[in-house]
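Visitor: I would like a quick tour of this protein. Please show me the structure, and I will ask as we go.

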Amino acid sequence: MTNKTHMTNQHLASLFEEIADLLELSGENAFRIRAYRSGASAIEGLSQPVGELIAQGFDLTTVDGIGSTLAEKSKVAIETGSIPALEKLRAEVPTTLRDVMRVPGLGAKKAMKLHQELGVMDLMSLKQVCLDGKVAGLKGFGEKTQQSILQNIDIVAKAAERLRLDDADRLAERLRSHFSSCKAIQRLDFAGSYRRGKETVGDLDILVVSQSPEKVMDRFGEFPDISEILARGDTKMSVRMTGAFQVDLRVVEEACWGAALQYFTGSKEHNVHVRSIAKSLGLKVSEYGVFREGEDQKPIAGSDEASLYEAIGLPWIPPELRENRFEFQKDLAGRLKDLIELTDIRGDLHMHTVYTDGADTIEAMAQAAIDRGLEYIAITDHSKRVSVARGLDDQRLLEQWASIDRIGPKFQDRLQLLKGVECDILEDGSLDLSDETLAQADWVTASVHFGFKQSREEITDRILGAIAHRSVHSISHPSGRLISRRPAYDYDLTAVIQAAAEHGKCLEINANPQRLDLNDLQAAAAAAAGVMIVINTDAHAVGNLELMKYGVGVARRAGIIKKQVLNTKTTKQMLAWLKKHKV
Ligand code: DGT
Ligand code: CA
Ligand code: CA
Ligand code: ZN
C-alpha cells in the first residue's frame, strides 16, 4: 500500500480531533472521546509520516496512544483521504458546532442544547440568538450567561482573524528574546507565512533544533502572553496567546534543519510544486530531507535549504517568492541576482512633518534619514483638502519650500532634500493646488484621500487625470485600502497601470504595514507593464522611516528587481531623472 493521498501527520491528527469533538457533541462516552484525542496527539508526535510507517509494514498499535481501531482508521485515511466514521458523524452533527462548543463557558453539552432548542449552527447564528435575547430564556442559561457568551464570541471569532505583519513582527521579536536564555536551543527560526513576509499572518510557526525538546517546551510555556496550551507532544507544541492568536513550535533534528525549515516555510502550493519537480527527477522531498525514490533511510540533501533546492536543480529561492507564482519561471536565477533588497534603497519620497500631521521637523526627518543611510528624501506634506491634518494651501507650501531652500545647504554632501508635496486628487478630478505651484516642486505625488464611495468610473478618471497632469510624478497608496480595516476603493487598476506606463509616471508601494499598496500582485503587474515603482514609508515621525523594509518585502514578493524601483537610483541619477521629467 502506498500513501497516494500524501496526507501529513498533522492532517490525520486533525481528522481524529474532529471525530473526538463530534463524538463529544453527540454525547458519546468519555472513554471513546479520549481515545481519539490521545491518538491525535500521538500521531502529531511521530517523527516520520504515518504513510511511510505503514508502507514499511510498521505496526502502529505499538505506539503509545494508538489502539487497533485508530491504527485501522489511519490506514483507511492514508489510502482514501477520509474516514467513513467521520463522514457519518459530519452528516449527523454540524461540524461548525465545534466553534460553538469552544466559546468559553459553553462546552459540548450546552452547544448541543443551543443547537436543538434554538437552531444554533455556528458562531454567527449563536450571536444572533443572543442578540435576540432568546438564550436568556433557556433553562440553565439566563441573562448573565447570554451576556458573557456575547463577549466571548468575539474572542473566538478573533481567533479566525489574521495578525498584521508588523504585529506579528513584534510578537516574534518578543518570542525570540524569551527563548534567547534557553540553553537547550541550538537553533531557532520562524517559518510559515511570517517568514514569507505575507501582509497578514494566520499563525506563527517556530522551528527549533534541540537535544532536549522538553526543556524548550517548558520555556515556551513560560511565555507571559499565553492564555492556553492547545497541545503538547514529544516534538510539537501549540499555544494560544491572549487575544486568541496561535503559535506553533516544532523541535527538529539538526540534520533535517533545512528540509524542515523549507517545509514549514511553505507555501503549501510552493511545496507541492517542489515535490513534483523532485518526483520527475526520481527524488522525494519531505520535511526530513531529499531522498532517492525507494531509499527512505539516508537523505542526499536537506541539512540546509540551499542543498535541498540544489538537489532538485534550483537556486535557493528567497522565502518571499515561495507562493508558486513566479519562482519556477525559467529566468529565475537571473532575476534573483537583482531582486530588490533593503540595502538597494537610497531615498524616500513620501514623508510628513510638523507642517501638517507629522510629529517631527524637516531637520529631524533629514537627520533621521542620514542616520538610516539614505542619500535623498522628499518632504511631501498634505495639501489643504486634508483639513484634519492642516493640509497646506499654495501660500504655506511655498513658504515651506522656501525654508527647505534654507535648510538644504546644512545637509549638503550628506543628504539631498527635495521639495515635494502629497497633493490630493479632489472629488471633481482636479488637483488641490494650482498648476503654477505644482510646477515649482521637485517631486509631486498625488493621492486620493476622499470620495471613496464614488463610482468605479469616477475614481478611475480622477486618478487617470492626475497621472496625465504634467507636474505629477507618482500616485501614492494607489488603492486606498487599510489592511483588515478598510477595503480598497473601486477603481480600474489595469487602466491606471496602462496610463502610468504611457506617461512615464510612478506607482507607489506604500511601506506602511497598514497600507502596503500596491500589493504584491498589483506591483508585479505594474512592473511587468513597464511602470517605474517607488517604495516610500509615508513616515509621519522619524521612527517610521524604518518601515521601508515592509515595502521592500512587498516588492520582493512581486519579484521586482532593483532597476524597476525609482528610489534605488543614486542622487545624481535621481536628479537627472527629475530633470528629464520636468516640463
Ligand atoms: P498562515 O499561518 O495561514 O498565515 O499560513 P502558513 O503558510 O504559515 O500556513 P501554516 O501555518 O498552516 O503552515 C506552515 C507551513 O507548513 C505551510 O506554509 C506549508 C507547511 N504545511 C503545513 N501543513 C501542510 C500540509 O498539509 N501540506 C503541505 N504540503 N504543507 C503543509
Ligand atoms: Ca503560519
Ligand atoms: Ca501553523
Ligand atoms: Zn502621505
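Visitor: Is S238 buried or exposed?
Guide: This is a predicted model, so the values are computed from it. S238 belongs to strand β6 (residues 236–241). Its relative accessibility is 5%. Buried means under 20%, so S238 counts as buried.

Visitor: Which residues coordinate the calcium ion (ligand 3)?
Guide: The donor atoms are OD atoms, at 2.3 to 2.7 Å. In sequence the donor residues follow the spacing D-x1-D-x42-D.

Visitor: Which residue bridges the calcium ion (ligand 3) and the calcium ion (ligand 2)?
Guide: These two ions lie 3.7 Å apart. The residue that bridges them is D203.

Visitor: How many residues apart are D205 and D248?
Guide: D205 sits in strand β4 (residues 204–210). D248 sits in strand β7 (residues 246–252). The pair links distant parts of the chain, and the spacing is 43 residues.

Visitor: Are D205 and D248 buried or exposed?
Guide: The cut-off for buried is under 20% relative accessible area. D205 has 10% relative accessibility, so it counts as buried. D248 has 4%, so it too counts as buried.

Visitor: Where does the largest nonpolar core lie?
Guide: This core has 94 residues. Those with the most contacts inside it are L175, I206, V247, L249 and L417. Two domains give residues to the core, so it lies between domain 2 (163–252) and domain 4 (342–580).

Visitor: Which residues does L417 touch, not counting residues up to four places away in sequence?
Guide: L417 is among the residues with the most contacts inside the largest nonpolar core. With the sequence neighbours left out, L417 touches I362, A366, I377, I379, I404, I407, G408, F411 and D442.

Visitor: How many residues are in the other core, the one with I54?
Guide: This core lies apart from the largest one. V103, L106 and V120 are also among its members. Its count is 51 residues.

Visitor: How far apart are the C-alpha centres of domain 1 and domain 4?
Guide: The domain assignment places domain 1 at 4–157 and domain 4 at 342–580. It also gives domain 2 (163–252) and domain 3 (257–338). The centres of domain 1 and domain 4 lie 50 Å apart.

Visitor: On to the rings. What kind of pair do F179 and F220 form?
Guide: A search of the whole structure finds six aromatic pairs. In this one the ring centres are 5.7 Å apart and the planes are at 40 degrees, so the pair is tilted.

Visitor: Which helices hold F179 and F220?
Guide: Both residues are buried. The pair ties together parts that are 41 residues apart in sequence, because F179 lies in helix α10 (residues 165–179) and F220 in helix α12 (residues 213–221).

Visitor: What kind of pair do Y489 and Y491 form?
Guide: Y489 and Y491 are both buried. Ring pairs also link them with F452 into a cluster. The centres of the Y489 and Y491 rings are 5.3 Å apart and the planes are at 75 degrees, so the pair is edge-to-face.

Visitor: Which residue lies over the face of F450?
Guide: Elsewhere, the charged end of K110 sits over the ring of F141, 5.6 Å from its centre. At F450 the distance to the ring centre is 3.8 Å, and the residue is R385.

Definitions and conventions. Residues numbered from 1 in each chain as written. Chains lettered and ligands numbered in written order. Predicted model: local features only at pLDDT ≥ 70, side-chain atom pairs only at ≥ 80, totals over all residues. Heavy atoms only, no water. Phe/Tyr/Trp six-rings, centres within 6.5 Å; stacked < 30°, edge-to-face > 60°. Helix = DSSP H or I, 4+ residues; strand = E, 2+ residues; numbered from the N terminus. Buried < 20%, exposed > 50% of the residue type's maximum accessible area, 1.4 Å probe, protein only. Lys NZ or Arg CZ within 6 Å of the ring centre and 35° of its normal. Core = buried A, V, L, I, M, F, W, Y, C linked by side-chain atoms within 4.5 Å. Domains from an automatic or database assignment. Contact = heavy atoms within 4.5 Å. Donors = N, O, S within 2.8 Å, 3.2 Å for Na, K, Ca; no water.
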